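Student: I have a model open and want to talk through some of its packing. Can we take it piece by piece?

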Amino acid sequence: MKLVIYLLITNKRFIIGISIFLLIVLIGLIGPLLYPVDPLSFAGPMEVAPCRRYPLGTDTYGRDLLAQTLVGTRTSLYIGFLTALVAISIGTIIGTLAGTKGGIIDEILMSITNVVLAIPGILLAILIASYIKVRSVEVIALLLGITSWPWYARAIRAQLMSLREREFVYLSKMAGYRDIELAFKDLLPNIATYTFMAFVLYINGGILSEAGLSIIGVGPTKGISLGLILQWASLMEAVRRGLWWWFIPPGAIITVVTSSLMIVSVAMDEIFNPKLRGR
Amino acid sequence: MLEVKNLTKVYELGFVSKKRIIAVENVSFKVEEGEIVSLVGESGSGKTTTAKIILRLLPPTSGSIIFEGKDVWRDVRKREEKINYWRKVHAVFQDPYSSYNPFYTIDRVLKQGVRLIGINPSSDKADELINEALEYVGLNPSEVLGKYPHQLSGGQRQRVMIARCWIIKPKLILADEPVSMIDASMRVSIIELFEKLRESYGSSTIFITHDMSLAYYISDRILVMYKGRIVDEGPPEDVISNPEHEYTKRLIASVPRLYQKWTL
Amino acid sequence: MAANLLSVINVAAYYRQQVGTSIKTIKAVDGVDLYLYEKEILGIVGESGSGKSTLANVILMNIKKPLEFVKGSVRIYTGNGFLDLNSMSVEELRTKVWGKEIALIPQSAMNALMPTLKIKRIILDVIRSHQDRINEKEVVEKAAKRFRELGLPEKAIDMYPFELSGGMRQRAVIAVATLLNPRILIADEPSSALDVVSQRMVLKTFYDLLRKNIIKSMIFISHDIATVRQIATDMCVMYAGKIVERGSTDELIRKPLHPYTEGLIGSIPSVEPGIRERKLKYIPGQPPDLSNPPTGCRFHPRCPYTMKLCKVKEPPMVNVGNKRLVACWLHVKR
């Protein structure tokens, strides 16, 4: 265990990736505090290019874009994190139950998994958008989490099914462990690394998916996220009109965050899967 | 002490068109107290499946396992009864790599043994027992305790498993290929531990192995399994010199001997 | 006097492993001499940590990181001259040596067959990797003929690996590996994963290869002495990266000279009357850590006959007559 942590900390990719990510997190957390401008209220002249007064300029409604970007970063990260939480929670429970209990429970849960897997997330989002006119970020995160847990549940189930047959599980059983104790002490630690990686991937997915939903207009209606900034930018034809300060910052941040998390997950894969380690 | 009666295990695959695999077919045999019996067969012969059924880990399709008068699958149902059973019937498995959960130190398997016999694993008595057990199997506790499985050699790991058995002192031990993954020059020292356990407190051992030479050396009785059935049974000398079944004859002829050379 | 086919002189190969922050050097093969002659089946016997599998790769000069070739020479004698493998590039080895002069059947070869490819495809891939242009039809015909020669059903070529039993799969692997009639065949634990009946068939296949002159000689590597002795004409015993004894199979088994060989043979059960009374022995302790091997003779910590000299100086390999070689101070005459 300690060896794993040590390897992680000394892996260059991991350090680079996690540093960039934490930097963005810091910006998202502290930024709005250091620059306490309300992102959604009128701040000055419309569509002003970046200058000293408005470091990232303003949008069509005269709102400060730096404020938007900072708060947006915070919100997007929050959504990503929440999505991961929801997906991992549901996926772990379902995957564990299916993988360890087997039999009819497994069949039922896998059927449910397959159904959810087949539901197109975007359609569901559009449906929800047309029914619920006011959508908080939590609702969107919940939606994303609920539609994305299947692959992870499947993977956990597969891992557990193979772990179940290992001799150390038999030995624990013969030592009198109850099923729950067995699951926690013997099985869960062995899937912990996978869960950790999946969590990182889900944060990534959550941020990107939210951006996608927001751009087409079925994202959150309250608050401001990077995706929502891009939605406004595209509605106001910022690209065509050359208002680069509107869409480049949020796009850049999304790119940087997802890339850094990708690097982190590649590094983790290297460490956790010893076969991929270099010399 | 142990009687296996008409044991059968059939696996059915698929939903609509079922494919049947008969892993164990009508297997019957007895094991007395203090006996060392070997179940010899190649992979796929059903010997490991039989062992798992005896260990109450895999349910049979039909037939019964009678241990000390009770039917292991029908009369032993409640958790308490099951734990009692595992105090009397325990296992040493083959693969020294997956017998241990890589997340924990090897102490855990010994502590589990202590827990099984009803002693608090964190008590002094537990530490005493663990130390004594390790010395019994020829290990130095300070060299072995606190280490992770990958830090010990295969031989050491197997000895720790046997130490666990010393703590539990089961009446019957099922050893599934306990030395196949261990260097030939060290095998005997580990196999002899099972004999030592028998001398110390009369445990019986069922050895599951594909190695006829090893079975010949250590067993009181050999049972030959082929395609799920027992095809030959008897004291080692008998089985080797007068094999009855075709398969046994072929098997004996194909076992490489140290002092004899085949004509190929 | 049979022709010399292979000369391995004072060869050493180490593994360099990254452990935490430092680099550990594991001296897997440390100063090995080996000679192979025509019509000979040389058995290399060793247990875990002896270096026998590494030696197989070194003979072939199949050296990949973290393995490093440290010193020595590996020379094979071809029909017209010789080749020094240790000074050839991988490209040269691949096109001129591997598969054609020497072939290796590594451990678990039969499990390494791509399950989604038919044997035919695998054969074509193997030949293609050693020859730049091939005539597919010719190759398949040749393979079919070879299969027939070795007693394998021809239709196996059109099957998938999982459709064949373990024994058949291994024999198919052997047939494919020797398709280009290499002079020397090296097999690393070719039958350990098989049941005894299949094992015997595999050994017979090797014997047939030699008898039919498809290969000229063979090196059989295994930890199982009883199996090796069934086929090997000569045997050498490896311990901790060095060869400790060599001689003809019968002699080595009946009268082992090196204490390790003695201990090893004494620990092997056999289905022969008298074994049960004989009481098997075992060698106490475990094989040494090759990143820090014992001083002097590497076996001395476990040897029942250790003398003061053994702890200090490594014994030289001496010829005690009749091609019998031992590396032990007990057998060095003063």
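Student: What is the handedness of the crossing of H3(A) and H6(A)?

Tutor: The crossing of H3(A) and H6(A) is right-handed. Keep in mind that this is a predicted model.

Student: How do the axes of those two helices of chain A, H3 and H6, cross, and at roughly what angle?

Tutor: Helix H3 of chain A covers residues 65–101 and helix H6 of chain A covers residues 137–148; their axes come within 8 Å and cross at roughly 40°. H3(A) and H6(A) are therefore oblique to each other.

Student: Which residues make the contact?

Tutor: On H3(A), they include A:Tyr78, A:Leu82, A:Val86 and A:Ile90. On H6(A), A:Val137, A:Ile140, A:Leu144 and A:Ser148 are among them.

Student: And how do the residues of that contact divide into nonpolar, polar and charged?

Tutor: In the contact of H3(A) with H6(A), twelve are nonpolar, four are polar and one is charged.

Student: Switching to chain B. How many helices and strands does it have?

Tutor: Chain B has ten helices and ten strands. Its radius of gyration is 19 Å, close to the 18 Å from the globule rule for 264 residues, so chain B is as compact as a globular protein of that length. Along the principal axes, its C-alpha atoms fill a box of roughly 55 × 50 × 35 Å.

Student: What is the strand order in the open sheet of four strands in chain B?

Tutor: The order is S2-S1-S4-S5 in chain B, and the pairing is antiparallel.

Student: Which strands stand at the edges?

Tutor: S2 (19–31) and S5 (70–71) of chain B do. Each has a single partner strand, so one side of each is left without a neighbour in the sheet.

Student: How many bridges join S4 to S5 in chain B?

Tutor: Two bridges join S4(B), residues 62–67, to S5(B), and these strands run antiparallel. B:Phe67 stands opposite B:Lys70 in S5(B).

Student: Which helix packs on the sheet?

Tutor: Helix H1 of chain B, residues 47–54, packs there and touches S1 (2–13), S2 and S4 of chain B. The direction of H1(B) makes about 115° with that of S1(B).

Student: New topic: how many residues of chain B are in contact with chain C?

Tutor: 30 residues of chain B are in contact with 33 residues of chain C. The elements giving two or more residues to the chain B side are helices H7 (184–201), H8 (212–218) and H10 (246–254) of chain B. H7(B) provides the largest share, six residues.

Student: What about nonpolar, polar and charged residues on that side?

Tutor: The side of chain B that touches chain C has 16 nonpolar, eight polar and six charged residues.

Terms used: Residues are numbered from 1 along each chain as its sequence is written. Chains are lettered from A and ligands numbered from 1 in the order in which they are written. This is a predicted model: local features need pLDDT of at least 70, side-chain atom pairs count only at pLDDT 80 or more; totals for chains, interfaces and linings use all residues. Two residues are in contact if their C-beta atoms, placed from the backbone, lie within 7 Å. Ala, Val, Leu, Ile, Met, Phe, Trp, Tyr, Cys and Pro count as nonpolar, Asp, Glu, Lys and Arg as charged, and the others, Gly among them, as polar. Axes are lines fitted to C-alpha atoms, for helices over the stretch in contact, and angles run from 0 to 180 degrees between N-to-C directions. Angles under 35 degrees count as roughly parallel, over 145 as roughly antiparallel, 65 to 115 as roughly perpendicular and the rest as oblique. A crossing is left-handed if the near helix is turned anticlockwise from the far one by less than a right angle, and right-handed if clockwise. Two strands pair if DSSP finds at least two bridges between them. The radius of gyration is taken over C-alpha atoms; the globule rule is 2.2 Å times the number of residues to the power 0.38.
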